[in-house]
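We will go from one stop to the next.

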Amino acid sequence: MAMSSYARACLALCCANVAQAFFEELFGGGGNVHFEMGGGHHAPPPPEWPAGVSDEASKSMSWLKGTEWAWNNGDFNLKLQRDGDFEAPIQQCRRGSCKWTAENGKLYLAVGDAGIFELDAPDSKPASLKGQRLKGHSRRNPRERLTLTFQKIYDHEAQDLDKDLYEVLGIPEDSDDATIKKVYRKLSIKYHPDKNPDEASKAKFAEIRDAYEILNDPDKKILYDTGGMSAVKDSEHGKIQTTSDVNAEIEVSLEDLYLSREFNANVQRGVVCRGCRKHPDSPNCAGCKRCKDQVKVVQVQMGPFLTQQEQKVPSKERCKVIDAGLEVHVEKGMREGDVITFPRMAEERPGMMPGSVMLKLKVKKHNAFVRRDNDLHMGMKISLRESLLGWSRTITHMDGHTVEITQKDVTKHLQVVKVKSEGMPLRDDPATFGDLHVKVDVEFPKQLTAAQKAAIAEVFPEGGRTDL
């Protein structure tokens with residue numbers, strides 16, 4: 001018998017209700033919590049946490065990151081991830097609706113349309129997590145009770161993400177390399193296991209050593225300063241991105257390349273204001289604004305499929321633009337087009353490795369010398385008389401020393417005289433020099449007197465040889 005459209009609709013609704021009831025019973029909903037199992041929904045809006053609650057777990061409660069818990073009677077497990085999401089085998093989590101945060105002894109779970117749950121949790125990491133239980137209720141319906149039972153730490157790296165390495169060493173965040181090394185040596189002696197065999201000192205020594213290994217490494221230090229331990233961990237797994245290099249030209253003289261030179265240059269760069277997100281009123285944060293959006297890979301539900309997409313996420317960090325000083329060292333023997341590289345001096349962005357500032361040398365024209373490879377070339381004028389009878393010249397080189405050039409024989413017009421080792425220094429061997437090439441321009445008289453013509457005719461008779 002044919003089924004009417006109304007009957008088909010009723011049957012579909014009945015099946016949907018049965019399926020929903022089955023999954024609610026399976027996942028321990030129990031009361032007014034409805035777990036959606038369908039797909040094809042758009043990404044949900046961010047959760048509305050209680051007033052004054054941040055969307056990021058407090059430092060003291062970051063011990064929850066990377067932990068796995070059983071929901072109610074163990075119907076399923078949820079994983080508190082390091083980025084503020086939590087993973088569970090329910091549709092809300094597949095659509096990105098499962099979020100968590102924690103502060104002031106409270107754990108908050110946002111479970112999509114099921115609302116927010118509030119649980120009591122230790123404000124600092126317990127000595128032992130074994131058997132730990134967190135109890136609470138739905139904020140929408142306080143009679144809807146929830147108990148989470150600790151299962152395991154599934155992401156051990158996440159436990160260290162909020163560690164303050166400067167605090168571990170007991171130094172300010174703007175400490176220079178010399179201070180970091182000095183304090184580390186002092187603390188490593190104080191807590192060395194050879195002098196302190198107790199377990200607490202061993203743990204403290206390991207913590208100090210690990211902090212120093214990061215702050216003493218230029219790449220890891222800049223990542224930690226701009227993105228915390230999560231950026232350092234990402235770099236260890238090859239997941240770090242780098243900001244664009246900055247290319248610029250800088251004008252130098254030939255004397256700079258001959259003698260070498262050091263000078264200061266400034267470049268404008270964006271920097272991450274360390275600590276300003278947590279302490280925006282600090283004097284060091286004057287002029288800091290929210291950093292550019294960050295690009296993160298997120299999971300997006302596309303119908304029945306779960307895909308990964310790049311999305312722009314508003315940054316939580318603060319940045320500002322500063323004039324950064326560069327100590328430029330032009331080495332002896334450098335050439336036009338050579339590049340002086342300043343690693344990690346391009347724009348800073350949270351959790352990214354800064355690119356390099358690359359200064360390309362452009363050489364100003366010299367009034368006497370022209371460089372070709374490692375040799376120098378110059379021109380010199382002599383008279384006709386000197387070209388026939390010999391000549392001598394003294395030139396002053398770029399470092400002030402004098403070079404005497406003497407020719408006793410006849411010098412032809414545009415003849416090149418080579419002076420050994422009076423050219424440019426070699427960059428890889430500054431004690432070795434190229435040669436100096438002098439092109440001689442013989443100046444002929446514009447006119448001769450009768451007496452001069454007669455004298456020349458006597459010295460060079462008509463038809464005689466001229467190759468004297």
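Select Met 229. This residue lies in helix α6. The model is a predicted one. Is Met 229 buried or exposed? At a relative accessible area of 6%, Met 229 counts as buried, because the cut-off for buried is under 20%.

Now show what surrounds Met 229. Beyond its neighbours within four places in sequence, Met 229 is in contact with Asp 160, Leu 161, Lys 163, Leu 165, Ile 214 and Tyr 224.

Centre the view on Gly 227. Here α6 has a kink of about 135°.

Colour the buried residues of α6. They are Lys 221, Ile 222, Leu 223, Tyr 224, Asp 225, Thr 226, Met 229, Ala 231, Val 232 and Lys 233. Then bring up what covers them. The cover includes α3 (165-169), α4 (177-190), α5 (199-215) and β10 (261-272).

Check both ends of α6. At the start, select Asp 217 and Asp 219: a side-chain oxygen of Asp 217 comes to within 3.0 Å of the backbone nitrogen of Asp 219. Just after the helix, pick Gly 238. Its phi is positive, about 70°.

Jump to Thr 67. This residue sits in strand β1, residues 67-71. Thr 67 is buried, and its relative accessible area is 0%. Show side chains for Thr 67 and Trp 69; a polar contact of 2.8 Å joins them. Not counting residues up to four places away in sequence, Thr 67 touches Leu 78, Lys 79, Leu 80, Phe 150, Lys 152, Ile 153, Tyr 154 and Gln 159.

Last stop: a sheet. Select β17, β18, β24 and β21. In that order, these four strands form an open sheet with mixed pairing. Why is one side of β17 and of β21 left without a neighbour in the sheet? Both β17 (370-372) and β21 (416-419) stand at the edges with a single partner strand each, so one side of each has no neighbour there. From one strand to the next, the twist averages 35°.

Zoom in on β21 and β24 (residues 436-443). They pair in the antiparallel sense over four bridges. Finish on Val 419, which stands opposite Leu 436 in β24.

Conventions: Residues are numbered from 1 along each chain as its sequence is written. This is a predicted model: local features need pLDDT of at least 70, side-chain atom pairs count only at pLDDT 80 or more; totals for chains, interfaces and linings use all residues. Side-chain values use heavy atoms; hydrogens and water are left out. Two strands pair if DSSP finds at least two bridges between them. Helices (H or I, at least four residues) and strands (E, at least two) are DSSP runs, numbered from the N terminus. Axes are lines fitted to C-alpha atoms, for helices over the stretch in contact, and angles run from 0 to 180 degrees between N-to-C directions. The bend at a residue is the angle between axes fitted to the seven residues ending there and the seven starting there. Buried means under 20% relative accessible area, exposed over 50%, partly exposed in between (1.4 Å probe, protein chains only). Contact means heavy atoms within 4.5 Å. A polar contact is a pair of N or O atoms within 3.5 Å; within protein, one must be able to donate a hydrogen and the other to accept it, and residues adjacent in sequence count only if both atoms are side-chain atoms.
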